[in-house]
Protein chains: 2
Amino acid sequence: MSTRHTRASGPDLACVARLLADGTRAGFCLALLDGRAWTATELARHMGVAASTATEHLNALVSGSLLVEERQGRHRYVRLADPHVAELIENLAAMAPARPTPPRSLSAAGRRRALAHARTCYDHLAGAVGVAISDALTARGLLDWDGGLRLTAQGEAWLQDLDIAPTTGTRRPAVRSCLDWTERRPHLAGAVGAALCRHAFTAGWITRIGTTRAVTVTAVGRQALHDHLGLPDEVLQQQL
Amino acid sequence: MSTRHTRASGPDLACVARLLADGTRAGFCLALLDGRAWTATELARHMGVAASTATEHLNALVSGSLLVEERQGRHRYVRLADPHVAELIENLAAMAPARPTPPRSLSAAGRRRALAHARTCYDHLAGAVGVAISDALTARGLLDWDGGLRLTAQGEAWLQDLDIAPTTGTRRPAVRSCLDWTERRPHLAGAVGAALCRHAFTAGWITRIGTTRAVTVTAVGRQALHDHLGLPDEVLQQQL
DNA sequence: GCGGCGCTTCGGCGCCCGCCGAAGCGTCCG
DNA sequence: CGGACGCTTCGGCGGGCGCCGAAGCGCCGC
């Protein structure tokens with residue numbers, strides 16, 4: 001095979017990048033950014049390719065250990081291997097140009113608007129609502145962006161008040177900045193971002209729209225976010 | 001052309017990933033991780049391809065805004081567009097499998113050993129020495145890894161004592177973890193990592209070996225790193 | 001046990017893209 | 001001013017890879 005250009009050795013960047021260099025595989029990964037496990041056929045339908053094609057792509061992604069799989073009966077479930085992979089994909093997405101052609105159909109446009117409003121980004125919140133929450137946290141002195149993102153002492157106290165305990169013990173950063181591809185602005189990710197999102201689900205602040213990544217802020221959520229962060233209803237309700 | 005699979009829209013991940021999905025282009029980026037500007041022919045020779053091929057690759061990388069170029073007379077200098085790109089490449093490299101075939105020739109092996117010992121990684125220090133410094137900083141309570149990397153109050157004081165002032169005002173994280181592809185262990189990057197590396201150069205602690213990314217720790221440097229961090233000579237001198 | 005369904009394997013097709021060498025252009029230097 | 005040098009453009013070649021449909025396999029439910 002190609003023993004050609006191995007002049008300069010080092011990590012084999014290309015073989016990882018190649019996995020994401022195909023539109024269909026990239027679409028799979030973007031879909032899996034919702035943090036859930038999808039079946040092979042779901043992904044195939046999602047991207048409009050044959051089942052056999054999807055199988056080949058999934059084989060590649062799994063053997064490249066970007067995805068992990070779990071077999072259940074006649075189903076093959078896959079999900080992102082770990083938060084590092086999600087982070088990598090987010091970074092790549094942030095660097096990518098916004099796609100020139102906005103969706104054509106009316107339903108696609110509505111779906112996109114819902115996503116732009118509020119959605120999960122792997123395990124934290126993104127979209128207009130995600131950014132608004134990050135901004136509010138910053139304005140109230142709970143987050144500090146100067147010289148790198150940092151959770152302030154008040155921020156830690158605020159989390160404790162709400163009984164939100166980020167998973168610790170791992171090397172995962174407590175707070176991390178994630179660039180939003182709709183808002184083009186950074187918002188809160190990392191262990192704290194994930195814990196906050198988890199809390200929002202369990203406390204009924206937000207609910208998923210169907211089985212998509214899009215979420216809506218419930219009445220309870222609007223009240224809570226107003227009380228705890230002073231967020232007005234306008235930014236929490238999707239404009240129709 | 002291919003209006004085929006645009007079923008699910010979003011950021012065009014694939015077009016960025018494709019830039020890094022080629023061995024030669026990836027090699028260029030890895031070389032440029034030294035943070036310096038290279039000419040087109042230097043890169044071509046480095047990867048063993050024709051000048052015309054290098055031109056085409058550089059056009060792609062520049063128009064994809066991973067690289068920026070600067071024309072000087074008959075030379076075309078390119079470098080990584082910004083620290084975000086460097087970070088992306090580092091993340092990708094950390095995820096990539098170590099290349100199965102270690103370099104064959106004797107000189108290549110020596111070069112690799114020098115790199116494994118101490119080198120620059122874009123703008124901070126990596127290799128055994130880089131990891132040792134990070135470990136020493138941690139052991140002395142200047143860095144805290146629990147629940148995400150953080151510079152402690154003692155850490156800030158330590159920097160001030162040494163007159164090291166990280167560039168601030170930018171959104172760049174002060175401290176960031178970077179996974180080393182030789183040591184397979186995280187070490188210090190980010191604005192503080194860069195400032196520390198800059199200081200090491202200007203204070204004469206380290207010098208470049210020729211024009212490569214590899215560096216050696218000088219006698220002055222060994223003394224300073226022993227005084228300030230308690231690092232023993234053994235880890236600072238390359239074993240021959 | 002039989003049909004349906006999800007997934008996989010395999011051939012084959014076609015396009016994309018990375019490579020080169022030859023020729024040409026602009027810059028620098030003697 | 002002429003030659004060397006760095007870079008670019010272009011045509012052409014070859015291999016890799018993403019796609020499909022047909023056939024096959026295994027699990028499930030009736």
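In which loop of chain B does S65(B) lie? In this predicted model, S65(B) belongs to the loop that runs between α4 (51–63) and β2 (67–72) of chain B. The phi of S65(B) is near 55°, which is a positive value in a residue other than glycine. Most residues other than glycine have a negative phi. With a relative accessible area of 45%, S65(B) is partly exposed.

A positive phi is also found in chain A, where D163(A), a residue other than glycine, has a value near 65°. D163(A) sits in the loop between α8 (153–161) and β8 (176–179) of chain A, and with a relative accessible area of 70% this residue is exposed, because the cut-off for that term is over 50%.

The two residues are set out below.

| Residue | Phi | Relative accessible area |
|---|---|---|
| S65(B) | near 55° | 45% |
| D163(A) | near 65° | 70% |

Helix α9 of chain B covers residues 190–202, and its 13 residues reach 19 Å from the first C-alpha to the last, which is close to the 18 Å expected at 1.5 Å a residue. Because 10 of these 13 residues are buried, α9(B) is largely enclosed by the rest of the structure. Among the buried residues of α9(B) are G190(B), A191(B), V192(B) and G193(B), and the list also includes L196(B), C197(B) and H199(B). Just after α9(B) comes G204(B), which takes a positive phi of about 75°.

Technical notes: Residues are numbered from 1 along each chain as its sequence is written. Chains are lettered from A and ligands numbered from 1 in the order in which they are written. This is a predicted model: local features need pLDDT of at least 70, side-chain atom pairs count only at pLDDT 80 or more; totals for chains, interfaces and linings use all residues. Side-chain values use heavy atoms; hydrogens and water are left out. Helices (H or I, at least four residues) and strands (E, at least two) are DSSP runs, numbered from the N terminus. The expected span of a helix is 1.5 Å times one less than its number of residues. Buried means under 20% relative accessible area, exposed over 50%, partly exposed in between (1.4 Å probe, protein chains only).
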